[in-house]
Amino acid sequence: MTAQEVRLCGLLLREHFGDVVERVGTHLLRSGAQNLRVIIHETGISLDLVKKSLCVLVQHGACVFSSGRKGPGSPAEYQTGCEQILRILRYPRYIYTAKTLYGDTGELIIEELLQRGHMTMSGTVKTVADRLTQNMEEGRSMDYGEVTSAFSKLVETHFLQRCPPVAGAGTTERATPATPATPGTPAAPVSTAPRSAESFPDCYNVPHVTLVGRGKRRLSSEDGEDQRNAKKAKLDPETQSHGDEGIFWQVNFQRFHLHFRDQAIITAVANKLDQTSSEIVRTMLRMSEVTTSPAATCTKPLSANEIFRSLPTNYNIARPILDQYLTLLVDDPMEFVGKSGESGGGMYVVNLHRALANLARATLESVVQERFGSRSARIFRLLLRKRHLEQKQVEDFAMIPAKEAKDMLYTLLSENLVQLQEIPKTPDYAPSRTFYLYTVNQLPTARMLLQNCYKTIANLIERRLFESKESKRLLEKSQRIEAILASLQASGAEPEQLTEVEEMITAPEKQQLEALRLHINKLDSAENQVDETIFLLESYIDSTASTS
């Protein structure tokens with residue numbers, strides 16, 4: 001892992017879990033696997049806080065623990081990785097995808113599981129039903145059965161999965177963050193190395209849950225004592241017997257990433273060709289979701305007859321038209337679709353690796369064009385296509401004057417976007433007897449751009465945190481007034497009282513708040529856009545690694 005990744009992981013941990021968890025997490029990132037005693041000694045944090053920090057990291061899947069390297073009986077060692085922590089960047093995207101596919105209920109289920117790391121099905125259903133009931137009209141409530149149905153659909157489509165069992169650990173190892181009374185539980189030295197969720201057969205098996213009822217509306221006055229009573233009720237085993245004790249669920253990030261990859265390919269086909277072509281590719285991807293391995297370079301072959309029968313009913317295209325579209329997709333230079341046989345009217349596959357490579361290539365070209373202009377982008381595209389060219393050839397093919405082409409090539413070379421390869425005619429490497437060829441290595445360039453994206457998003461987060469800190473007093477005042485207004489509205493206050501409270505914020509303060517919110521929204525939007533680029537580049541690099 002690089003310094004930029006560690007820096008970004010530290011910022012994410014601090015923003016979501018606090019300074020102590022950030023110190024423990026970044027220490028493990030830099031130092032590798034360590035036992036509890038070494039972590040306490042090297043970080044200088046108290047035993048209780050280190051245990052709680054490790055408990056939070058394990059709860060959210062950002063830390064794994066295993067028996068010590070010295071053999072049986074040695075202290076358990078903890079290890080964390082950047083990949084798990086960097087998923088936090090994509091939380092808004094996971095939640096929005098669940099909302100798009102499964103509505104508000106699916107959105108809240110994913111949100112609860114992301115916030116808490118993992119939960120039981122019954123606990124998730126109750127919490128989500130209560131939250132939905134809170135936002136409904138007076139007298140209406142959400143039935144537990146509707147939330148259970150949405151939960152089951154998420155499991156059926158593999159967006160949710162059971163947490164893998166840990167050998168030698170009881171159910172207390174899966175305590176939720178709401179019960180910090182067992183912060184040292186993950187330190188059990190009897191635990192073994194973690195297994196993937198797919199490695200055991202019941203990964204997507206939904207248990208029979210005896211949960212009947214409707215969501216409850218929490219009154220605004222029920223804040224202090226009632227919340228403590230609710231926590232006690234959650235800890236009482238007699239109130240939790242729903243048939244799924246000890247079965248915890250987590251978000252299947254890999255399934256979300258496959259969905260994001262498929263959507264990126266479908267959008268690229270729609271932009272390159274048309275909507276009908278993208279719908280054909282969408283149908284092919286949907287048909288091969290279950291049969292295709294996540295690391296596969298292409299989907300399983302599908303016949304034209306199968307594709308025709310599986311097309312949505314609202315696409316009334318004749319079979320000859322479908323054959324023409326498939327031929328067009330196969331002949332397209334982007335090579336999103338390939339032909340693998342002639343049986344069944346022709347066998348077709350979606351070239352996942354080539355599609356990701358082309359998307360990454362388009363991203364690199366876009367970055368060069370935005371930073372250095374259209375002429376530099378023309379040279380960059382030329383080198384990608386021709387592989388190796390001398391400076392004179394670049395000038396001729398790109399139709400750019402010699403002086404400008406030379407400056408642009410040297411600029412790209414200084415930014416490591418273009419590489420220079422020397423091919424000597426003689427062993428002495430004399431300049432007069434050496435060919436100097438410019439080239440672009442797409443994979444190293446993508447890795448470099450990925451590190452720049454990590455740096456960019458870390459800068460955006462730091463800027464957003466700085467802006468919020470600078471206006472902390474004003475934000476707190478605004479939140480207090482909003483809370484007072486909500487309380488008055490709930491109690492049926494008169495309009496004069498509401499107006500009087502609203503006037504506690506002056507006009508200049510309102511303008512400052514509006515400008516701050518606009519600025520923070522722009523920074524949030526920029527973070528999401530950079531994360532889309534990060535996802536594309538990571539997918540391309542991982543795909544290249546799996547094919548080599």
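This briefing walks through the fold, confidence, sheets, cavities and a few individual residues of the structure above. It is a predicted model, in which local features need pLDDT of at least 70 and side-chain atom pairs count only at pLDDT 80 or more, while totals for chains, interfaces and linings use all residues. Residues are numbered from 1 along each chain as its sequence is written, and side-chain values use heavy atoms, with hydrogens and water left out. The protein has 21 helices and 11 strands; helices (H or I, at least four residues) and strands (E, at least two) are DSSP runs, numbered from the N terminus.

**Overall picture and confidence**

- Of the 548 residues of the protein, 42% count as buried; buried means under 20% relative accessible area, exposed means over 50%, and partly exposed is in between, with a 1.4 Å probe and protein chains only.
- Taking contacts (heavy atoms within 4.5 Å) between residues at least 6 apart in sequence, 67% join residues at least 24 apart.
- The average pLDDT, the predictor's confidence in each residue from 0 to 100, is 83 for the protein, and 88% of the residues score at least 70.
- Residues 168–193 have a pLDDT below 50, and this stretch has 49 contacts in the model beyond near neighbours in sequence.
- Residues 232–239 also have a pLDDT below 50, with 6 contacts in the model beyond near neighbours in sequence.
- Where pLDDT is low, the predicted coordinates should not be read in detail.

**The β1-β3-β2 sheet**

- This open sheet of 3 strands runs in the order β1-β3-β2, with antiparallel pairing; two strands pair if DSSP finds at least two bridges between them.
- β1 and β2 are the edge strands, and each pairs on one side only.
- Strand β1 (residues 34–35) is joined to strand β3 (residues 77–80) by 2 bridges in the antiparallel sense, and Asn-35 has Glu-77 in β3 as its bridge partner.
- Strand β2 (residues 63–66) pairs with β3 over 4 bridges, again antiparallel.
- Two bridge partners in β3 can be picked out here: Tyr-78 for Phe-65 and Thr-80 for Cys-63.

**The β4-β6-β5 sheet**

- Another open sheet of 3 strands has the order β4-β6-β5 and antiparallel pairing.
- β4 (119–120) and β5 (160–162) each have a single partner strand and stand at the edges, so one side of each is left without a neighbour in the sheet.
- β4 pairs with strand β6 (residues 248–251) over 2 bridges in the antiparallel sense, and Met-119 stands opposite Trp-249 in β6.

**Cavities**

- The count comes to 2 cavities of 30 Å³ or more; on a 1 Å grid over the protein atoms alone, a cavity is a set of points where a 1.4 Å probe fits but cannot get out, and lining residues have an atom within 4 Å of a point.
- The largest cavity holds about 60 Å³ of space, where a volume is the space filled by probe spheres set on the points, and grid points are joined across faces, edges and corners.
- Residues lining the largest cavity include Leu-13, Phe-17, His-60, Tyr-91 and Phe-253.
- Two helices, α1 (3–17) and α5 (82–86), each supply at least two residues of that lining.

**Loop residues**

- His-158 is found in the loop between α8 (144–156) and β5, and has a positive phi of about 65 degrees although it is not a glycine.
- With a relative accessible area of 31%, His-158 is partly exposed.
- Asn-416, in the loop between α17 (402–414) and β10 (419–424), has a positive phi near 65 degrees and counts as partly exposed at 47% relative accessibility.
- Most residues other than glycine have a negative phi.
- Pro-333 sits in the loop between α13 (319–331) and β8 (337–341) and counts as exposed at 66% relative accessibility.
- The C-alpha atoms of Pro-333 and Asn-358 are 9.8 Å apart, and the two residues are 25 residues apart along the chain.

**Thr-434 in β11**

- Thr-434 is found in strand β11 (residues 434–439) and is buried, with a relative accessible area of 9%.
- Its side chain reaches the backbone oxygen of Ala-430 at 2.7 Å.
- Leaving aside neighbours within four places in sequence, Thr-434 is in contact with Glu-422, Ile-423, Pro-424, Lys-425 and Tyr-429.

Conventions:
A polar contact is a pair of N or O atoms within 3.5 Å; within protein, one must be able to donate a hydrogen and the other to accept it, and residues adjacent in sequence count only if both atoms are side-chain atoms. On a 1 Å grid over the protein atoms alone, a cavity is a set of points where a 1.4 Å probe fits but cannot get out, and a pocket is an open set with protein on both sides within 12 Å along at least five of seven lines; lining residues have an atom within 4 Å of a point.
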